[in-house]
Amino acid sequence: MQRRARSPEAKLQRAEDLLDAARSLAAARGGVRHITLAAVTEAAGLHASAVRRYFASREELLLELAERGWRQWRDILTTRLADTRGLTPEQTAAVVAATLATQPLFCDLLTHVPLSLEGDVGIERARRFKTNSFAAYDAIVEALTTAGTLTSAQARDLITVALGLTANLWQISHPTPTLAELYARHPRWGHAALDFEPRLTRLLQATATGLAPART
């Protein structure tokens, strides 16, 4: 019989076990859309009812992963740009694309956060997500403007485009088995599924180039 976690440390560890299980399942099953709470609890070695003591819903668990994804992207990007100065708009865009591409789970979650996750949790959990994700966003904007020649407004626009493109291109470049088979039969339809990072880089560089002349 499984024992309930009693100490705060044990409860935190159980929560981490559930998050680790969700990460593994997302990687193994082709994305977070295939994750269920039942599968997560089973993979974590917990009783089916245990997850509710740590996360009120599937959406809350995945939103926690998205929140952590924002912090991880911030940390990767700010570390990469530490002591860097004078980046051109094209170089800045390349850094944004490359650092996003290192975070596959975050790229996947970017589709689901506005679609369902942040709107289907309690207001206090949604508030915490917004507070922490915007803090990471502000740090990313500051890092981009300090390291390069974009203004804060231009950096914010670049990030807006980056998030939208990433959410779309990630799903296209990681098709379901049905679509993968269809693309194999009709390569013309599947070309967009082959080059997530190069395509994202090209489109963000074009965006950054277009934004730069507006600087005053």
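Start by colouring two stretches of the protein chain: domain 1 (1-55) and domain 2 (57-211). Those bounds come from an automatic or database domain assignment. Bear in mind that this is a predicted model, where local features need pLDDT of at least 70 and side-chain atom pairs count only at pLDDT 80 or more, while totals for chains, interfaces and linings use all residues. Residues are numbered from 1 along each chain as its sequence is written, and side-chain values use heavy atoms, with hydrogens and water left out.

Zoom out for a moment. The C-alpha atoms of the protein chain fill a box of roughly 65 × 45 × 30 Å along the principal axes. Switch to cartoon view and you'll have 10 helices and 0 strands (DSSP runs numbered from the N terminus: H or I of at least four residues for helices, E of at least two for strands).

Domain 1 brings 15 residues to the contact and domain 2 brings 16, contact meaning heavy atoms within 4.5 Å. Together the two domains bury about 1400 Å², 63% of it on carbon and sulfur atoms; buried area is the accessible area (1.4 Å probe) that two parts lose on being put together, summed over both. Select Val32, Arg33 and Phe55: these supply 46% of the area domain 1 buries against domain 2, more than any other three residues.

Next, select helix 1 (residues 8-29) and helix 3 (residues 58-81), which pack at about 85 degrees with axes 10 Å apart. The axes are lines fitted to C-alpha atoms over the stretch in contact, and angles run from 0 to 180 degrees between N-to-C directions. That makes the two helices roughly perpendicular, a label for angles of 65 to 115 degrees. Show side chains for Glu16, Leu18, Leu19, Ala22 and Arg23 on helix 1, then Leu61, Glu64, Leu65 and Arg68 on helix 3, to see what makes the contact.

Which residue forms a salt bridge with Arg68? Glu16 does, with the closest N and O atoms 2.7 Å apart. A salt bridge here is a side-chain nitrogen of Lys or Arg within 4 Å of a carboxyl oxygen of Asp or Glu.

Last stop: Glu64 and Arg125, another salt bridge, at 2.9 Å between the closest N and O atoms. Glu64 lies in helix 3 and Arg125 in helix 6 (residues 123-147), so the pair ties together parts 61 residues apart in sequence.

Terms used:
Angles under 35 degrees count as roughly parallel, over 145 as roughly antiparallel, 65 to 115 as roughly perpendicular and the rest as oblique.
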